[in-house]
Amino acid sequence: MPRLVVAAPSSGSGKTTVATGLMAAFAERGLAVSPHKAGPDYIDPGYHALATDRPGRNLDAFMCGPELVAPLFAHGAAGCDLAVVEGVMGLYDGAAGRGELASTAQVAKLLRAPVVLVVDASSQSRSVAALVHGFASFDPQVRLGGVILNKVGSDRHEVMLREALEEAGMPVLGVLRRAPQVATPSRHLGLVPVAERHADALAAVAALAEQVRAGCDLDALMALARTAPPLSCDPWSPDPASPALEVRGAGRSPGNGAAPHGRPVIAVAGGSAFTFSYAEHAELLTAAGADVVTFDPLKDEALPTGTAGLVIGGGFPEVYAPELSANEPLRAAVAAFAAAGGPVAAECAGLLYLARSLDGKPMCGVLDADARMSERLTLGYREAVAVSDSSLAAAGTRLRGHEFHRTVIEPGAGAAAAWGFTHPERRVEGFVQRGVHASYLHTHWAAEPSVARRFAEAAAARAAAVRDAAAARP
């Protein structure tokens, strides 16, 4: 599999611009491009998906473990002509206090992939050579194959930069001029997700493709990608008993928690307010015997027909609190489903939606808690253990996850908490009640597939109970 890792010396250098533009430019050539993102970020993969018409997938060595990075990559890239991996932060930045763990450099080494360094050259000339030399020599196992210069100011500026890098023996694979017209808007947690600006996002991706096509040597980049050696690993599969690609349709194995009279429906919140999800979650639920159906809490006034399980992931409910609150029929349906013991898995935005209120606006009222925006950003990896038995995890289940929010909820934990954090701080967090598991913690279920199977089994049991109750009615 030809592959490239797009990295940078620091955040803000233009990784997303270049990676997304490369994906789109190669896709326009008729190539099947597999998009990936190092780290836990949900938003960039949405732009990658627009550029390639394939799911954007994350490669997180902290949450999933280094041993799963290559198999997850191979699963996502199967059948493609090229894979592009966008890095996270600076090339060598990873989990705090954990050395290279979860860094772009570690992902590149695990994938045996050449790295293209995107350098913001707006305030330097010959010094760029010293900068690039340092990044190229810091870890000999990281293969820096070339540089793309971003935010170059003029022809003269480009000449000075090229001369300096030629002295350093580093190929220049592209030069991009300042182009504010293709900048994407940001807010308190990063870029505005694709789902909230689809038409504008399409135009931005097209402009990025044009910019990269004009400024980068796509043939040289493809040649570099082809130097990546073979990976000696089997692709990850959501169902260990089945080939990885069978998750898309035919070949699903029976059982694995499926209801005896049909597959239980698991409704997954989507739309503009709930945009954060990992593609592997739906694949795992499908492989576990469920039918996954998406609904939009901003528009749909009822849960999907036959809903037996409810997944409400991350997103920006704080931006849409008035609209979510105004959809009273759906709020009532969610509350009734939870009150009846239906299994609910809620992460971050889902936690806020289940609260009594968000910034003073009534929410579903499933939890006796109130949420509000704050000035403080809570951000970082967490090591967690399940405190209480729930529809998602048995007590004692250990997972690594990630927190990323500017809201607070009071109280921060229920009488039965969801998680106990063991690192970097010790505290309990989240709520478990009846079938509900609600928490701020984002997790990647590929690291512990048993949580998806457990949730699908809870949904199957719920579907069977509803059928039995209906059959018993006179």
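A residue counts as buried when its relative accessible area is under 20%. The exercises below apply to a predicted model.

**Exercise 1.** Determine how the rings of Tyr 42 and Tyr 278 are arranged, and which parts of the chain the pair links.

*Solution.* The structure holds 7 aromatic pairs. For Tyr 42 and Tyr 278, the ring centres are 4.5 Å apart and the planes stand at 20°, so this pair is stacked; the cut-off for stacking is an angle under 30 degrees. Next, locate the two residues: Tyr 42 belongs to the loop between β2 (33-38) and α2 (43-52), while Tyr 278 belongs to the loop between β10 (265-269) and α9 (279-287).

**Exercise 2.** Characterise the aromatic pair of Tyr 92 and Phe 135.

*Solution.* The centre-to-centre distance is 5.9 Å and the angle between the planes is 25°, a stacked pair. Tyr 92 lies in the loop between β4 (82-86) and α4 (104-111), and Phe 135 in helix α5 (residues 127-138), so the pair ties together parts 43 residues apart in sequence. Both Tyr 92 and Phe 135 are buried.

**Exercise 3.** Identify the residue that lies over the face of Phe 62.

*Solution.* The residue is Arg 400, at 4.4 Å from the ring centre of Phe 62.

How values were computed: Residues are numbered from 1 along each chain as its sequence is written. This is a predicted model: local features need pLDDT of at least 70, side-chain atom pairs count only at pLDDT 80 or more; totals for chains, interfaces and linings use all residues. Side-chain values use heavy atoms; hydrogens and water are left out. Rings of Phe, Tyr and Trp (its six-membered ring) pair if their centres lie within 6.5 Å; planes under 30 degrees apart count as stacked, over 60 as edge-to-face and the rest as tilted. Helices (H or I, at least four residues) and strands (E, at least two) are DSSP runs, numbered from the N terminus. Buried means under 20% relative accessible area, exposed over 50%, partly exposed in between (1.4 Å probe, protein chains only). A charge sits over a ring if NZ of Lys or CZ of Arg is within 6 Å of the ring centre and within 35 degrees of the ring normal.
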